[in-house]
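I opened my notebook for a new model today. Here is what I looked up, one entry at a time.

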Amino acid sequence: YEDERRNRSELEVRCQRLTLELADTKQMIQRGDYRQENYDKVKCERDVFEHELSELRRKYEILEVSHKAQAKERNDLSKELATMQQSLNLLQKDKDYLNHQNMELSVRCAHEEDRLERLQIQLEDAKKAREEMYEKYVTSRDHYKTEYEKRLHEELEQIRLKTNQEIEQLRSTSKEMYERENRNLREARDNAVSEKERAVIAEKDALRKYDQLLEQYRQMQLGTESKVAELLHQSKLKSFESEHIQLMQQETAKNLSQCQMECEKYQRKLEVLTKEFYSLQSSSETRIIELQTQNSEFQARLDTYEKLEKELDEIILQTAEMENEVEAERVLFSYGYGANVPTTAKRRLKQSVHLARRLLQLEKQNSLLVKDLEHQKEQVTQISQELDRANSLLSQVQQPYKYFIETVHQRDSQISLQKEHITQLEKD
């Protein structure tokens, strides 16, 4: 049983070694076919990368155009806002200036009205004074005349009673008195006429100035009313426009903040995309160069491989159909195996033929190993049956052999436990 177990372990080791060699040969064959099979895959990946690169460029151009449009709109809105603010400030200044001018005109109008009232009062007082002076002059003249006549009659009576000298003195005095009175009357008349002329001229000037001031006041009142109406209308329009502008400003501020946030996001995305783009561009350029070089190499190799594969398929089919190994070796040597050929295609043909030969040997050994394995399985089943029969006989053994058998079983169990412990310790 131990001989069979040892043979079985050797066969298992040999089988594992053969399986490893078979796996190595399959891996080498797959590695040779991998490049041919993955050429389309690599090309597809390159096309996908180029397509993604074009899409990223297009997205970058779209984002750049939208960013420029947003920046232009923001600048236009800021310019419009500045012009609106300037116009609003100018309108506010115009409004303040017109209010100030209106207040000045109203104050001047009030002063002119007061002055006109004072001039009217002065004119009425002058008229009254002129009438009073004229009445006083007439009454004083009549009074003086009556008194003079009375005194004259009295003095004439007295003078008649007196001497002629006194009459002459009285004549001289009366003459002087008449002259003085005439001179005084003339002066008073001239003064009254001059005062009358001055009063008439002043009245005309006052009336003319009053008419002018009244016309100016009416024109100013009409102009101020029209200007006030226009200014009210303009102030209403400007207030409405300012409210509309404030709303637009708030909306533009919100849109501007949103645009700034989106712009920052897009800038961050753009930075990330530019970094990725540059990295992808550099990697893609290097990858494209590598792939182009590999493509040229693969294309040259592919042509030779196609020819070699056709020839190898024919050789393998011929050698597989042959049963004699010597003839198979002869066929393989006839197609270049074992010859010192300087060209790479023939050298590869040599390697491929060698691999095919080795594969045939491994297949033959594998068939032999399968037969040996089946034979070993049959032997193992026979040995297991014999072991079962031996165990059954051992279980039927009586004392003291049973005790020895139990000790042997315990020792075997302890040995197995110690082996497991040893493997665990080796793993640790």
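My entries follow.

**Entry 1: ground rules.** I am working with a predicted model, where local features need pLDDT of at least 70, side-chain atom pairs count only at pLDDT 80 or more, and totals for chains, interfaces and linings use all residues. Residues are numbered from 1 along each chain as its sequence is written, and side-chain values use heavy atoms, with hydrogens and water left out.

**Entry 2: the record.** I checked UniProt, where an unreviewed entry lists "coiled-coil region" for residues 1–205, 256–325 and 359–393. I noted that UniProt positions are in the numbering used here, that feature names are shortened, and that annotations may be inferred rather than shown by experiment. For residues 359–393 I looked up the model itself: this stretch is 100% helix and 0% strand, and its end C-alpha atoms are 49 Å apart. Helices (H or I, at least four residues) and strands (E, at least two) are DSSP runs, numbered from the N terminus.

**Entry 3: cysteines.** How many disulfides are there? I found zero, counting a disulfide as a pair of cysteine sulfur atoms within 2.5 Å. As a reminder to myself, a disulfide is a covalent bond between the sulfur atoms of two cysteines. Cys-15 is partly exposed at 34% relative accessible area, and Cys-44 is partly exposed too, at 45%. My cut-offs are under 20% relative accessible area for buried, over 50% for exposed, and partly exposed in between (1.4 Å probe, protein chains only).

**Entry 4: salt bridges.** Side chains of opposite charge can pair when their charged atoms come close. I searched the whole structure and got five salt bridges, each being a side-chain nitrogen of Lys or Arg within 4 Å of a carboxyl oxygen of Asp or Glu. I wrote up some of them.

- Arg-8 and Glu-12 meet at 3.3 Å, N to O. They sit four residues apart in helix α1 (residues 2–161), so about one helical turn separates them. Arg-8 is partly exposed at 41%, and Glu-12 is partly exposed at 38%.
- Lys-68 pairs with Glu-64, with the closest N and O atoms 3.9 Å apart. These two are also four residues apart in helix α1, so about one helical turn lies between them. Lys-68 counts as exposed at 54%, whereas Glu-64 is partly exposed at 31%.
- Arg-208 bridges to Asp-205 with closest N and O atoms 3.4 Å apart. Both lie in helix α2 (residues 164–321), three residues apart, about one turn of the helix. Arg-208 is partly exposed at 44%, and Asp-205 is partly exposed at 29%.
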